[in-house]
Amino acid sequence: MATWRPDPSFYPSPRMAAKAPKETLAYVAAFDPDRQRPDAIAVVDVDPASSSYSQIVGQVDMPNVGDELHHFGWNACSSCLCPNAPHPHVERRYLVVPGLRSSRLHIIDTKPDPRKPEIVRVIEPEEVAERANYSRLHTIHCGPEGIYVNALADRDGKAPGGIFLLDHDSFDVLGQWEMDRGPQKLAYDFWWHLGHDTMITSEWGTPDTFENGLVPEVLLGSQYGRRLHFWDLHTRKHLQEIDFGEEHQLVFELRPAHDPTKAYGFVGCVISLKNLSASIWTWYREDNRWAVKKVIEIPAEPADPDLLPPVLKGFNAVAPLVTDIDLSMDDRFLYVSCWGTGDMIQYDVSDPLAPKETGRVRIGGIVARATHPKASNGRLNGGPQMVEISRDGKRVYFTNSLYGAIDPQFYPDGIDGWMVKLDVGDNGGIAFDETFFVDWPKGHLPHQVRLEGGDCSSDSYCYP
Amino acid sequence: MRGRRDCSEAEYELQGVWRCAVWQMTNLWPWLSLAGLGAFHGANPAMGWLFAVALGLHRQSARTVWLSLVPIALGHAVSIATVLAVVVAFEAVMDLRGLQLVAAAFILAFAAYLAIYGHRHRVRVGMRAGMAALAGWSFLMATSHGAGLMLVPSVLSLCLADQGGMAGSLPISLAAVAVHTGAMLAVIAAIALAVFSWLGLAGLRSAWINFDRLWILALGATGIILIVW
């Protein structure tokens with residue numbers, strides 16, 4: 001329903017959003033890797049003043065099994081205030097939750113009781129296939145033309161993957177977003193520079209190369225994604241492709257600067273075929289074209305092969321496996337999840353082409369198995385993965401599972417889910433909140449975290 | 001129907017007190033309402049002042065704010081002029097009552113459409129918009145929101161009061177567009193200046209009332225005025 005005034009969680013600029021009130025709840029996607037019981041969106045109490053702080057206080061189960069909940073997003077956000085397509089009188093109220101494996105979309109209402117969200121609509125994969133010709137639904141962003149959903153494959157599970165639109169109000173599938181996709185075939189993440197009318201997409205692979213785990217031959221053959229694609233956000237046409245080269249595989253999470261006047265952003269590359277390092281690249285404008293530069297390289301760490309899973313044994317090293325990154329609202333700190341080594345690294349990226357490390361914690365990790373003060377088990381598995389930052393940049397939350405079929409390739413003895421929180425110093429520096437550790441209930445693994453009212457990867461802004 | 005300047009006794013009895021009172025105000029109220037609607041349209045952030053401010057902020061230039069107002073006003077003016085041209089063309093071939101009812105039916109249907117389906121459509125213009133794109137954007141926003149439709153009663157009443165027939169309708173319609181757009185331009189300039197220079201955008205969060213809803217109400221009122229006229 002339309003409202004008389006804009007939703008109070010919409011902010012014209014990232015500067016204003018950074019002054020938003022603290023979140024008290026986090027929504028976390030939780031899935032059953034065995035596909036025996038329904039996946040769920042769990043509600044975690046993140047209010048330190050609450051008696052149930054650091055506990056799961058609510059949960060909504062999906063109506064089916066085997067969805068593989070992964071990423072999700074809000075129906076509406078601060079981009080509703082944009083001057084070219086204004087429609088701010090909607091509520092940030094519904095979570096749009098896709099199943100990566102099932103291609104099913106769930107619309108979940110958080111308003112009647114934020115701790116007891118309810119499913120209000122389920123869009124079956126047939127409807128998505130029929131209207132948009134896509135499947136394997138991945139990332140959600142609210143934006144100028146409605147709710148954008150990307151998909152890793154077409155309806156038959158083949159390339160090309162792409163983006164489609166949902167109506168803001170009815171959640172009806174409106175159809176494919178691209179008008180001219182040029183050479184783009186693979187899909188993974190997408191986001192945009194609203195101030196530069198530019199969409200950016202990244203690449204993973206087709207479902208046959210990940211739904212049963214990563215395929216070593218595909219990886220060593222450099223057949224997974226390694227490109228960025230730049231699009232005109234409004235004509236929906238492909239403008240430019242940048243190939244990171246054969247060495248680089250799996251170009252994942254895109255984090256454009258929140259300030260819409262800035263034309264740069266960061267993307268993580270999971271692995272180098274040359275030395276197993278992970279890297280962070282900055283894209284930026286140069287001579288009226290987009291360009292990229294590798295700004296961070298995180299080396300693999302030598303390790304006793306006895307401690308390594310079969311995929312890494314031959315290398316005598318543990319790869320950092322940067323699988324998620326997130327940028328603080330002031331575009332100052334970039335958080336980098338090293339799911340392999342177990343590090344969460346904070347970089348000062350005030351100069352986007354010359355990041356400086358300002359903080360690092362270690363938890364879990366293929367070899368390190370580092371623990372947490374509040375964990376009862378002294379050897380944690382999994383590693384820092386989906387990371388989310390509060391709007392004021394003071395708190396960072398993350399979970400430890402990557403993807404059902406890939407988790408056992410790197411953590412063969414299984415992953416026990418957890419969610420932790422970091423406190424951030426005023427001028428950088430990160431440390432665990434020793435009182436926050438969610439020992440995830442067995443049977444589910446946690447993935448993406450969304451914070452009440454918005455966070456640092458949920459909203460985009462039209463005003464500086 | 002043309003040429004009635006005053007209320008005769010017969011007309012008084014025929015049409016009733018209310019119509020007569022309205023009739024006597026004919027000379028002034030249409031101009032006032034055209035200007036008032038111009039101010040109303042201009043105040044709506046979706047009609048352009050907010051876009052001008054945003055472009056000024058992006059390009060860090062007050063000059064951009066001022067320059068942007070011109071194509072925004074122009075696009076708005078072309079949109080309402082198009083609607084009024086259609087109305088004047090129909091006026092030449094239809095009797096007034098018929099035209100009023102047809103216009104009322106169309107406007108009420110349009111208001112109902114907006115109420116049910118809203119204003120969302122393809123977004124074609126973004127923050128890199130040039131002046132021509134901005135004019136096109138303003139034209140589309142005004143047209144899709146039914147800005148010109150709100151002016152129909154005022155313009156019909158002006159044409160009616162004028163004795164010049166079709167030849168007289170044209171200059172009156174142009175004058176109507178000028179008065180409306182002038183008022184709109186004054187308001188968007190005042191708001192854009194105030195927001196860009198002093199107020200900032202934080203106020204949007206609470207002060208941006210739902211103009212879409214107000215517009216649907218205004219369109220509904222416009223249709224009803226045409227029917228009961």
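Predicted model: local features only at pLDDT ≥ 70, side-chain atom pairs only at ≥ 80, totals over all residues.

Biologist: Okay! How many residues does helix α6 of chain B have, and how far does it reach?
Modeller: Helix α6 of chain B covers residues 131-144, which is 14 residues. From its first C-alpha to its last it reaches 20 Å, close to the 20 Å expected at 1.5 Å a residue.

Biologist: And which residues in α6(B) are buried?
Modeller: Those are L134(B), A135(B), W137(B), S138(B), F139(B), M141(B) and A142(B). What covers the buried residues of α6(B) includes α4 of chain B, residues 62-93.

Biologist: Let's zoom out. How many helices and strands does chain B have?
Modeller: Chain B has 10 helices and 0 strands. Read along the sequence, its pattern is α-α-α-α-α-α-α-α-α-α.

Biologist: What percentage of chain B counts as buried?
Modeller: Of its 229 residues, 42% count as buried. As for contacts in chain B between residues at least 6 apart in sequence, 82% of them join residues at least 24 apart.

Biologist: Now for helix pairs. At what angle do α5 and α10 of chain B pack?
Modeller: Helix α5 (residues 96-117) of chain B packs against α10(B) at an angle of about 160°, and their axes are 8 Å apart. Angles over 145 degrees count as roughly antiparallel, so α5(B) is roughly antiparallel to α10(B). The crossing of α5(B) past α10(B) is left-handed.

Biologist: Which residues make that contact between α5(B) and α10(B)?
Modeller: On the α5(B) side they include L101(B), I107(B), L108(B) and F110(B). From α10(B), I216(B), L219(B) and G220(B) are among them. The residues of the contact of α5(B) with α10(B) divide into 13 nonpolar, 4 polar and no charged.

Biologist: What about α2 and α7 of chain B, how do their axes cross?
Modeller: The axes of α2(B), residues 29-43, and α7(B), residues 152-161, come within 9 Å and cross at roughly 150°. That makes α2(B) roughly antiparallel to α7(B), and α2(B) passes α7(B) in a left-handed crossing.

Biologist: Which residues meet there, in α2(B) and α7(B)?
Modeller: P30(B), S33(B) and L34(B) of α2(B) meet S154(B), S157(B) and L158(B) of α7(B). By type, the contact of α2(B) with α7(B) has 3 nonpolar residues, 3 polar and no charged.

Biologist: Changing topic: how many residues of each chain take part in the contact of chain B with chain A?
Modeller: Chain B gives 27 residues and chain A gives 34. Elements of chain B that give two or more residues to this side are α3 (49-59), α9 (204-207) and α10 (211-228). The largest share, 5 residues, comes from α3(B). The side of chain B that touches chain A divides into 15 nonpolar, 5 polar and 7 charged residues.

Biologist: Last one: is H87(A) buried or exposed?
Modeller: H87(A) is buried, because 22 other C-beta atoms lie within 10 Å and 20 or more count as buried. H87(A) is found in the loop between β4 (73-74) and β5 (94-98) of chain A.

Biologist: And what is H87(A) in contact with?
Modeller: Leaving aside neighbours within four places in sequence, H87(A) is in contact with C80(A), H168(A) and R120(B).

Key: Residues numbered from 1 in each chain as written. Chains lettered and ligands numbered in written order. Contact = placed C-beta atoms within 7 Å. Helix = DSSP H or I, 4+ residues; strand = E, 2+ residues; numbered from the N terminus. Nonpolar A, V, L, I, M, F, W, Y, C, P; charged D, E, K, R; others polar. Expected span 1.5 Å × (residues − 1). Buried ≥ 20, exposed ≤ 12 C-beta atoms within 10 Å, placed from the backbone. Axes fitted to C-alpha atoms, helices over the stretch in contact; angles between N-to-C directions. Parallel < 35°, antiparallel > 145°, perpendicular 65-115°, else oblique. Left-handed = near helix turned anticlockwise from the far one by under 90°.
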